[in-house]
Amino acid sequence: MSKTNAGRFFDDYKVGDVITHAVPRTVAEGERALYHALYPARGALYSSDMFAQDCGLESSPLDDLIAFHIVFGKTVPDVSLNAVANLGYAEGRWLAPVWPGDTLTSTSEVIGVKQNSNGKSGVVWVRTTGRNQMDVPVLEYVRWVMVRKQGDAPAPDTVIPDLQKSVLPGDLVVPEGLDFTDYDFALAGEPHRLGDYKVGEVIDHVDGVTIEEAEHMIATRLWQNTAKVHFDATNRPDGKRLIYGGHVISMARALSFNGLANAQMIVALNGGAHANPCFAGDTVRAWSEVLDTADTDAPGVGAIRLRLVATKGKAGALKTEDGKYHPDVLLDLDYWALMPT
Amino acid sequence: MSKTNAGRFFDDYKVGDVITHAVPRTVAEGERALYHALYPARGALYSSDMFAQDCGLESSPLDDLIAFHIVFGKTVPDVSLNAVANLGYAEGRWLAPVWPGDTLTSTSEVIGVKQNSNGKSGVVWVRTTGRNQMDVPVLEYVRWVMVRKQGDAPAPDTVIPDLQKSVLPGDLVVPEGLDFTDYDFALAGEPHRLGDYKVGEVIDHVDGVTIEEAEHMIATRLWQNTAKVHFDATNRPDGKRLIYGGHVISMARALSFNGLANAQMIVALNGGAHANPCFAGDTVRAWSEVLDTADTDAPGVGAIRLRLVATKGKAGALKTEDGKYHPDVLLDLDYWALMPT
Amino acid sequence: MSKTNAGRFFDDYKVGDVITHAVPRTVAEGERALYHALYPARGALYSSDMFAQDCGLESSPLDDLIAFHIVFGKTVPDVSLNAVANLGYAEGRWLAPVWPGDTLTSTSEVIGVKQNSNGKSGVVWVRTTGRNQMDVPVLEYVRWVMVRKQGDAPAPDTVIPDLQKSVLPGDLVVPEGLDFTDYDFALAGEPHRLGDYKVGEVIDHVDGVTIEEAEHMIATRLWQNTAKVHFDATNRPDGKRLIYGGHVISMARALSFNGLANAQMIVALNGGAHANPCFAGDTVRAWSEVLDTADTDAPGVGAIRLRLVATKGKAGALKTEDGKYHPDVLLDLDYWALMPT
């Protein structure tokens, strides 16, 4: 028997199975510093203990996307090692802040399977939950991937989970104590509050960042995501490595500071598509569209639903005439963030 | 109204205005580790709690240039986004150590303006102050930049601040408690004390470091300096990014350990010029000239004034016959550091 | 007299001399995060405080190879600045865990010298010891290098130390409190315990990582290893920098997680050869051979002796017909690690 992990195939997933992902991880100041070094992240609440305290929190939590990447990275050896494609996300919710010193673990429940008509692969839906050292859930999300089938077993009964198009405003979890009543717009970097944004408004975030191989590999390893396509130049004739989709998410989100500096904390991931692959040498730009706004029960805290689009060229058409993503589009993400009202 | 920051133009600065720069930042162990990973920094006092305690400090502070870069980075969106050139520094003083866990903020007072004769741009002088979470100033310096003018307003009255050629020894601030009486030269790495250096002495620091795009972008983002010229390869036909001048300062200062291992803490920045642009692929070398020495009131602590020159070729002429910087010279910096007597 | 360090030559080493290496270093969370970002390290005990506590430790220590690189890096200016070749390692033992916040220093005793017949160089053996802030040894190892001779002094008496072929199982030091009785194999990532490995078994670790210049320079600086061959592109016509051998050790060890996830802590270095130089662009792969197994006194804790081979091509022959290392072999390392029984 081989001692190395060959990953799971379509045949290995049964609805109802719960997979414990390996390697718990303690995250701290070092991961925060690296996050700021790898992405032009400037959100004040994730940058300054003082600012976070003025917003009612004990100190500055780790960036919402650090939590996402760490929880996601653990699932790779069990969920996407043999994945042909990462098809989508839904029902993602941040449930509690992650603080420096927390230890994160990750489990996934198989909630859907559908064999493809060719019998060679199938789609698997999992609901992944990240927990801290007190077993408190900090994040959950549904992801579905297309995975190769290995054996000749008959197709399992198709189960397609019933997923919400978007997380309902009433289901958003606001971190305990968060209070934007005395929010300091000057220190945060922009004067725009929730009421200043109109549904349908589009913001071009202007700046661009050209990506290098060393950077995305450093980032992807930091999340203990070891999918070989991100690291091994011999996988492609041009020697380029396929960049982890989450790297593009973090880059685009950080770029969106310019125009959305007050969209402080991501609290829900409604959906997302990695529209085209990203490679070193691409210059990533981003634009956002305001999809919705909502109230929350927390003082001074509203919610804004945003489409975040990353491109490797200038901002332009999202889709081509045939309804497919424009070849320059890298990411189309739909999320809720908290913003002062 | 656009929600993104277009930066300030010459017309937007009035003498006496105080600008609060955005995004306070808590700095800790992670920033220290990254500083050591990005630059060959080996100064014992910024590397070891034990060594710092033996020098009378509570623990090892964060590197003096971490403080500088963090404070400087915050000013970029308000001061140099539309700058044509970074013209100079003066009257820089480190006023208190920055400790892991401190939160830094930054403000700038406009202290001078002078419109250029072409009416298209002008020079702006600002005095920037960095403060910690207790509102204690940790660093101040004057910087002047040439900025584009946007409108047709008449030229403002010219105000040129009266700046010291160099910080006077009596104005240097020695960190509270610093005591070099029992300084351990073996652990510090070199036997040379202040008395061993002669004014006019030139030290070639021998080593060279070739710079990669990934490294200077990681560094520059860490300081939340988001000037697009440092990140966007589409700005130039050759795809190279202009390297943040501060990256060259830190690289040269770290290289100067070899010959100046006991020039432990920078306490003043007398002046500096980014003589020529630096690009990835350049191999940075450095040499220093001793400009002056002075006493301080602290036990065993002297001060040494140094010219630090970074080049991209071998050490050689600083200027050409016409008085301009030699094309290989990247940096000409004038600073005071503390050294055991 | 030049103020810069020219390094020691063969003539400068005398058997019995003890060299105090410069620049003590406090290591913390930041170094840990960087280690995870630079290498695909996933060992649970070095990743999670919770997992380490369940194994009887106070918290997660810093990775065994962080300790090695920090202690080794300090020796470079005194031992290998003028080295022609790094010839070997022996009798390496990890003596106590390194915790975040510890300050490490390093000393070396010269234990052997042998001038080469050409009179131009010689071999020097040193036993290096790393200590923490309480002067407790955390690591010791013997290393021998070939160093250039500078003067015309007569050859010193040859002293060749008597070195063990391999650290004896009874000499392995198990960290105080370590207990694998309740070891969680699911969280660790693999089900294989010591009894599942057979002497002679070979494991191909499957994955490959292509190395970039920025990454190995960031790593090597982090260990304050300043040997110029690793940083200065002008040293070679092709502009490539020679990669620090320890970078390959850490990369190969991290890759060996896939098949050896439960080989948690390195406790001895029996020997090692940097068989061929490694350069940016090489894709590093690894395979391991089980050389021996042993018991320890600690509950549930066994020891496994492994040969770890790093290659820049596919796993293949270790040596060619003439007994030399195959040109694709980068590293041949022999070590003991602790594993649940």
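Analyst: Here's a walk through the contact between chain C and chain A. A quick word first: this is a predicted model, where local features need pLDDT of at least 70, side-chain atom pairs count only at pLDDT 80 or more, and totals for chains, interfaces and linings use all residues. Residues are numbered from 1 along each chain as its sequence is written, chains are lettered from A in the order in which they are written, and side-chain values use heavy atoms, leaving out hydrogens and water.

Chain C brings 44 residues to the contact and chain A brings 33, with contact meaning heavy atoms within 4.5 Å. Together they bury about 3,000 Å², and carbon and sulfur atoms give 61% of that; buried area is the accessible area (1.4 Å probe) that two parts lose on being put together, summed over both. On chain C's side, Ala37(C), Arg42(C) and Leu187(C) supply 19% of the area it buries against chain A, more than any other three residues.

Now for the charges. There are five salt bridges between the two chains, each a side-chain nitrogen of Lys or Arg within 4 Å of a carboxyl oxygen of Asp or Glu. In one salt bridge, Arg221(A) meets Glu215(C) at 2.8 Å, N to O.

And which helix gives the largest share of the side of chain C that touches chain A? That's H1(C), with seven residues; helices are DSSP runs (H or I, at least four residues), numbered from the N terminus. Helix H1 of chain C spans 29-38.

Conventions: Helix = DSSP H or I, 4+ residues; strand = E, 2+ residues; numbered from the N terminus.
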